[in-house]
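Welcome! Take a look at the sequence and the model first, then read on.

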Amino acid sequence: MFDEWFRRHKERWFTPLALRLGRSVSPLAITLTALAIGLAAAFAASQAAWSLAVSLWLGNRILDGLDGTLARVQKRQSDLGGYLDIVLDFTVYAAIPIGIAVALETRATWLVTSVLLATWFVNAASWMYLAAVLERRGAGATSRGELTTVTMPRGLVAGTETVVFFTLFLALAPHYVLLAWIMSAGVTIGIGQRLVWAARNL
């Protein structure tokens with residue numbers, strides 16, 4: 001919901017660092033480092049090392065924001081880079097809740113984790129296919145002036161909200177079940193928003 005606002009500000013925040021790095025570090029190296037740190041956050045969560053997990057998760061998000069800015073500064077943007085960025089993001093998004101469920105080890109935790117991942121699965125289909133249709137129609141990211149490889153149709157819960165929810169999951173692990181149900185509901189509403197938009201506009 002706040003992704004467009006966040007991307008504009010993120011670009012301003014990260015551009016000085018990207019310029020400082022110059023061509024000494026490749027965007028792909030940043031992307032792969034972000035993956036490693038994100039998976040480390042999931043492992044830390046599985047060991048109930050909550051403070052470490054929060055720190056690693058936020059490190060993952062910072063690097064995920066930096067790689068795109070660095071690619072633009074170096075003029076090394078590519079379809080492969082954008083593709084890997086999304087696939088590896090979703091790898092971390094899946095790993096974090098599973099790590100939390102492993103640590104908490106309750107039936108309620110595993111149930112809500114299953115529901116959360118199921119809503120994410122459907123949500124991914126709802127925005128990715130819609131994005132593909134919009135790109136094919138010439139109404140994609142470039143035409144909209146978006147700072148992403150492909151357009152990302154709005155939903156109630158998107159990237160910015162995911163950062164907030166996952167941070168809360170790790171920082172407030174005893175409340176994970178409630179928070180995950182709330183996020184699952186928000187994601188479901190976002191799916192509905194896109195279905196309604198698609199029915200009216202496609």
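## Aromatic pairs

Counting ring pairs in this predicted model gives nine aromatic pairs. One of them brings together W57 and F166: the ring centres are 5.3 Å apart and the planes stand at 35 degrees, so this pair is tilted. The two partners come from distant parts of the chain, with W57 in helix 3 (residues 50-74) and F166 in helix 7 (residues 159-171), 109 residues apart.

- W57 is buried, because its relative accessible area is 0%.
- F166 counts as buried too, with a relative accessibility of 1%.
- Ring pairs also build a cluster, whose members are W57, F90, Y93, W120, F165, F166, F169 and Y176.

## A salt-bridge network

How many salt bridges are there? The count comes to two salt bridges, and R61 takes part in one with D64 and in another with D89.

- The side chains of R61 and D64 meet with N and O 3.2 Å apart.
- Both of these residues sit in helix 3, where R61 and D64 are three residues apart, or about one turn of the helix.
- In the salt bridge between D89 and R61, the closest N and O atoms are 3.1 Å apart.
- Because D89 lies in helix 4 and R61 in helix 3, this pair ties together parts that are 28 residues apart in sequence.
- Through shared partners, the salt bridges join R61, D64 and D89 into one network.

Next, have a look at helix 2, which covers residues 27-46.

- The buried residues of helix 2 are P27, I30, T31, A34, L35, G38, A41, A42, A44, A45 and S46.
- What covers these buried residues? The cover includes helix 3, helix 4 and helix 7.
- I37 also belongs to helix 2, but it counts as partly exposed, because its relative accessibility is 24%.
- Leaving aside residues up to four places away in sequence, I37 touches L56, G59, N60 and L63.
- I37 and R61 are 24 residues apart in sequence, and their C-alpha atoms are 9.4 Å apart in space.

- Where is A48 placed? A48 is in the loop between helix 2 and helix 3.
- A48 is partly exposed, with a relative accessible area of 40%.
- E105 is not a glycine either, yet it has a positive phi of about 55 degrees.
- Is E105 buried or exposed? E105 counts as exposed, because its relative accessibility is 64%.

- Which residues make the nonpolar surface patch? L80, Y83 and V87 make the patch, which has an area of about 320 Å².
- V87 lies in helix 4, which runs over residues 79-104.
- V87 is partly exposed, because its relative accessible area is 37%.

## To recap

- W57 in helix 3 and F166 in helix 7 make a pair that links distant parts of the chain.
- R61, D64 and D89 form one salt-bridge network.
- Helix 3, helix 4 and helix 7 are among what covers the buried residues of helix 2.

Definitions and conventions. Residues are numbered from 1 along each chain as its sequence is written. This is a predicted model: local features need pLDDT of at least 70, side-chain atom pairs count only at pLDDT 80 or more; totals for chains, interfaces and linings use all residues. Side-chain values use heavy atoms; hydrogens and water are left out. Patches are made of residues with over 30% relative accessible area and no salt bridge: like charges are joined within 9 Å, nonpolar side chains (Val, Leu, Ile, Met, Phe, Trp, Tyr) within 5 Å. Accessible areas come from the Shrake-Rupley method with a 1.4 Å probe; for residues, only the protein chains shown count as cover. A salt bridge is a side-chain nitrogen of Lys or Arg within 4 Å of a carboxyl oxygen of Asp or Glu. Helices (H or I, at least four residues) and strands (E, at least two) are DSSP runs, numbered from the N terminus. Buried means under 20% relative accessible area, exposed over 50%, partly exposed in between (1.4 Å probe, protein chains only). Rings of Phe, Tyr and Trp (its six-membered ring) pair if their centres lie within 6.5 Å; planes under 30 degrees apart count as stacked, over 60 as edge-to-face and the rest as tilted. The expected span of a helix is 1.5 Å times one less than its number of residues. Contact means heavy atoms within 4.5 Å.
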